[in-house]
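Dear colleague,

I am handing over the structure below, with its sequence, and my notes on it follow. Please read them alongside the coordinates.

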Amino acid sequence: MSQVVTVEHVSFAYGEKLAIDDISLSVEQGDFLGLIGPNGSGKTTLLHLMLGLQQPDHGTVELFGEPAQEFEDGQRIGYVAQRSTDRGGTMPITVREAVTMGRFAHVGHSRLSDEDHRIVEEALETVGVADLAGRRINQLSGGQRQRAFIARALASEADLLALDEPTVGVDAESRDQFYGLLDDLNRRGITIILIEHDIDVLTRHVNKIACINTELYHHGDTVSFLESDALAEAYGAAHGVVEHDHP
Ligand SMILES: Nc1ncnc2c1ncn2[C@@H]1O[C@H](COP(=O)(O)OP(=O)(O)OP(=O)(O)O)[C@@H](O)[C@H]1O
């Protein structure tokens, strides 16, 4: 089984504040990995380190067998950043245009071929946004927009999807549909790393869990995670802030 991401003894601090402390883990091809931990426990930071978007202070990260900071094959990775359900930061382009941009990595600035257009249309169909293709991205609901982002990653033929709380602000039904779509993509062999706060939702979909709170508390299959004390330990640890449903 080939390794998609390999993290070895990685530490990272923002100034004096240690955010990631000596974490080692690997993501294998075909994994659907859930990243869980309290607020401020370092999930987004670890994801950025895994994708080569931030450089570790100590330790090494490899992406598809190459040092993450030197990794240039960007179209192999589809990254849906936190808060991308917000309308504000999104360019006023149509869904089809956004998904078509996913093909540019393959063809550079040359003209898209019929095959490229076919791949774009197939990606729109697969995630169920074909009927929204002419709509502007910033006029979609949060759930529709997330699916459009996934379509773009599919059009680029990404084999790793990384999603940071992709369904914040999305209603429960759309969220279930979205995670059903991720299950389908994972069954097709796409490796997925997902940050999601709702542990019930997370454990229904992923097959591996990394539970962190600055340090790694558990990395392994979902069943062994549920049988362990990792969650209580990570949420009880001093680093992060435990979430409450009510203030
Ligand atoms: N740019 C930054 N500068 C300084 N500190 C930061 C920065 N980004 C994050 N931090 C701090 O690093 C720690 C880890 O943050 P990170 O966003 O990785 O956590 P998280 O688990 O993703 O949080 P959440 O669940 O709230 O999104 C937090 O204490 C946070 O305040």
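**Notes on the ligand shell, the sheet and a helix pair**

The residues of the shell around the ligand comprise 2 nonpolar, 7 polar and 2 charged, where Ala, Val, Leu, Ile, Met, Phe, Trp, Tyr, Cys and Pro count as nonpolar, Asp, Glu, Lys and Arg as charged, and the others, Gly among them, as polar. The shell consists of Tyr14, Lys17, Ala19, Gly37, Asn39, Gly40, Ser41, Gly42, Lys43, Thr44 and Thr45, a residue being near a molecule if its C-beta atom, placed from the backbone, lies within 6 Å of it. Strand S2 (17-28) and helix H1 (43-50) each contribute at least two residues to this shell, and the largest share, 3 residues, is that of H1. Helices (H or I, at least four residues) and strands (E, at least two) are DSSP runs, numbered from the N terminus.

Please keep in mind that this is a predicted model, in which local features need pLDDT of at least 70 and side-chain atom pairs count only at pLDDT 80 or more, whereas totals for chains, interfaces and linings use all residues. Residues are numbered from 1 along each chain as its sequence is written.

Turning to the sheet, 6 strands form an open, mixed sheet in the order S6-S7-S8-S3-S9-S10, two strands being paired if DSSP finds at least two bridges between them. At its edges are strand S6 (77-80) and strand S10 (215-221), each of which pairs on one side only. The twist from one strand to the next averages 10°. Within this sheet, strand S7 (residues 160-164) runs parallel to strand S8 (residues 191-195), with 5 bridges between them, and Ala162 stands opposite Ile193 in S8.

Helix H3 (residues 114-126) packs with helix H4 (residues 142-155) at an angle of about 140°, their axes being 8 Å apart; axes are lines fitted to C-alpha atoms, for helices over the stretch in contact, and angles run from 0 to 180 degrees between N-to-C directions. From H3, Ile119, Val120, Ala123, Leu124 and Thr126 meet Ala151, Leu154 and Ala155 of H4, contact requiring C-beta atoms, placed from the backbone, to lie within 7 Å. By class, this contact has 7 nonpolar, 1 polar and no charged residues.

As to confidence, the mean pLDDT (the predictor's confidence in each residue, from 0 to 100) is 87 for the protein, and 89% of its residues reach 70 or more. Over residues 242-247 pLDDT stays under 50, and the model has 5 contacts beyond four places in sequence for them. Where pLDDT is low, the predicted coordinates should not be read in detail. For the complex, the predictor gives an ipTM of 0.97 and a pTM of 0.89.

With best wishes

Definitions and conventions. Two residues are in contact if their C-beta atoms, placed from the backbone, lie within 7 Å.
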